[in-house]
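Open the model in your viewer and keep the sequence panel at hand. This tour says what to select at each stop and what is there.

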Amino acid sequence: MKIVTTDEMRGLEKATDAAGWTYGDMMEAAGKAVAAAVERRLGHLSPGPVVILAGPGNNGGDGLVAGRWLRAWEWDVRVYAWKRPGARSDSHFHKLAGLGIPLVHAEADADRTHLRTWLGEAAIVVDALLGTGVSRPIEGDLAAILTLTREAVNERSRQTGQAPAADEDADTAGALFNLTEPLAELDRLDDLQPGKVEVVAVDCASGLDCTSGAVDAAALPADLTVTFGFPKHGHFLGRGPAVTGALLVADIGIPGDLAQAISLEMATPRAVAELLPARPITAHKGAFGKALIVAGSVYFTGAAGLAAQGATRAGAGLVTLGVARPLHAILAPVLLEVTWLPLAHDMGVLASDAARMLNEKLAGYTALLIGPGLSTEKETGAFLKAFFQTEEPKAQQRSAIGFAASAPERSASKENERPAGPRTDLPPLVVDADALNWLAQQEDWPELLPANSILTPHPGEMARLCKLEMDAVQADRWNLAVSRATAWNQIVVLKGAFTVIAAPDGRVRVLPFANPALATAGTGDVLAGAITALLAQGLAPFDAAVAGAYLHGLAGDLASQEIGFAGVVAEDIVSYLPAAWRRLSGR
């Protein structure tokens, strides 16, 4: 599913209209989709009135169409119009009047008495004031309408013992739902209490810049946003998630091929399910790949275990854990499924001689993960240097060595103390955590890695790799991931709310998960292990990154549904990986 800017969406609507599916047809589909979402979400509660806040332009028109459909389905509908005079040319008003729907113009309600009364009775507020039309700070009557609505919604929430609907400090949105996928997913939202006012935004919450994610101080946060055709950038960027709520994408008839040139896509359940490798009943463990994980230190023992568990639970046939020798005795009693490669160490962290031992065992593995919990000790750096810089430059190999070398040769040798290029004998590679931190300190570090290796930085690690401040990374996550994937010739998995995965060829996927349950130590190790497992099972690097990260995010959603946002730990994510796989694949 493509993700578009507001300008791109206008272009798609224009092309669709030119092809014969008119703006009127699209508006009818959009309004009906909003009404269907309201019916599905709250219809079983037999709630009170629906108050539709209708602004000028197409967004207000979408809201009025939704009101007509809801009235046809026997809802009590009331319309509060702002800057939408009841001119003869507005056919929507005529249709509403014919259905007996009460309508008040904001210009005739200067003291907001009607609005205040209706909000005190409402079960649902449909925000069709601005949509994608915000272009300047909100002031005057519109600011007053939005502020009054927000305050009334919060007051009603407090009266019913619910959390306020307008949490301006929230950093997460609900899961992504797609109206073109099975609607059963909306059942997850049916835990609503009578008396609580739900805000449903039409296309975008009023006050949200749907391209940048900037949010006006007067914005009205939504519990559910029904957007049309494609999700918009602003639903996921900046403060956008805090006012979007759960996001539902409604099909309004825009042909999918019109958006083919847009590279930014949301990963969908259906698309990810198609990536998951088959699990034939006649298979043996060798059919599902062999993953080698080099991880852990005396400081971060758990990182190794969590990465290994992530790989086993994501379907790898065999997982070998390469650790500093002292860690084996600690981890072996609790990791019964993995095999072991004890490595040379110095006080519990990998030492340079571990590189030779590791190189001797690489053959036969179909994926390699290196980095979780290795530490940033000097000895670890020596190990990573020895491992990644195994190949010496050919010019240096041809020179005489030691005291037999002439002065010019010794000088040239010293200048060439760097790899001639990336190692060519490595299995498909995932680089995580402290291995990324070490790379960030090396000059021309992308030259140390094979092309299309998978890098899994969190924003802090991405900042170090890019030599940027972390705020700069967060301010431009998507563009940064795409540009650096191309420059580095690597797959970049930039973690965080709505994780983005970018490939050197320009492909980019955004995950539909923003879940505070995942904001806990060790979940990144589980993610790295899950991606490595799918890489080991034969998926191409980009596909393995997308599928592994999606499984991880879905497992986090399943865990938080059962446990809650607080108290989920990384091992919970591990335990829900098989359920996430089953949810996607049906097996």
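**Stop 1: the main core**

Start with Ile370, Phe383 and Phe387, the residues with the most contacts inside the largest nonpolar core, which has 121 residues. A nonpolar core is a set of buried Ala, Val, Leu, Ile, Met, Phe, Trp, Tyr and Cys residues joined through side-chain atoms within 4.5 Å. Buried means under 20% relative accessible area; exposed is over 50%, and partly exposed lies in between (1.4 Å probe, protein chains only). Next, select residues 541-563: this is helix H20, which gives the most to this core, with 12 residues. Helices (H or I, at least four residues) and strands (E, at least two) are DSSP runs, numbered from the N terminus.

A note on what is on screen: this is a predicted model, in which local features need pLDDT of at least 70, side-chain atom pairs count only at pLDDT 80 or more, and totals for chains, interfaces and linings use all residues. Residues are numbered from 1 along each chain as its sequence is written, and side-chain values use heavy atoms, with hydrogens and water left out.

Now show the surroundings of Ile370. Leaving out residues up to four places away in sequence, Ile370 touches Val294, Phe383, Leu384, Phe387, Phe388, Leu429, Val430, Val431, Asp432 and Ala435. Contact means heavy atoms within 4.5 Å. For a second, separate core, pick Ala37, Ala81, Ala128 and Ala250; they are among its 41 residues.

**Stop 2: the whole chain**

Zoom out. The protein chain has 21 helices and 20 strands. Of its 587 residues, 55% count as buried. Among contacts with a separation of 6 or more, 71% join residues 24 or more positions apart.

**Stop 3: helix H16**

Select residues 459-466. Seven of the eight residues of this helix, H16, are buried, so H16 is largely enclosed by the rest of the structure. The buried ones are Pro459, Gly460, Glu461, Met462, Ala463, Leu465 and Cys466. They pack against helix H15 (433-439), helix H17 (470-475), helix H18 (477-488) and strand E18 (491-494). Step just past H16 to Lys467, which takes a positive phi of about 60°.

H16 and H18 pack at an angle of about 50°, with their axes 12 Å apart. Axes are lines fitted to C-alpha atoms, for helices over the stretch in contact, and angles run from 0 to 180 degrees between N-to-C directions. H16 and H18 are therefore oblique to each other. Angles under 35 degrees count as roughly parallel, over 145 as roughly antiparallel, 65 to 115 as roughly perpendicular and the rest as oblique. Which residues meet here? Pro459, Met462, Leu465 and Cys466 of H16 meet Arg477, Leu480, Ala481, Arg484 and Trp488 of H18.

**Stop 4**

Select residues 23-42 for H2, then show H3 with it: the two pack at an angle of about 55°, with their axes 7 Å apart. That makes H2 oblique to H3. In this contact, H2 residues including Met27, Ala30 and Val38 meet H3 residues including Asn58, Val65 and Trp69.

Finish with H3 (residues 57-72) and H4 (residues 91-98), whose axes come within 10 Å and cross at roughly 20°. That makes H3 roughly parallel to H4. Highlight Gly61, Leu64, Val65, Gly67 and Arg68 of H3 with His92, Phe93, Lys95 and Leu96 of H4: these make the contact.
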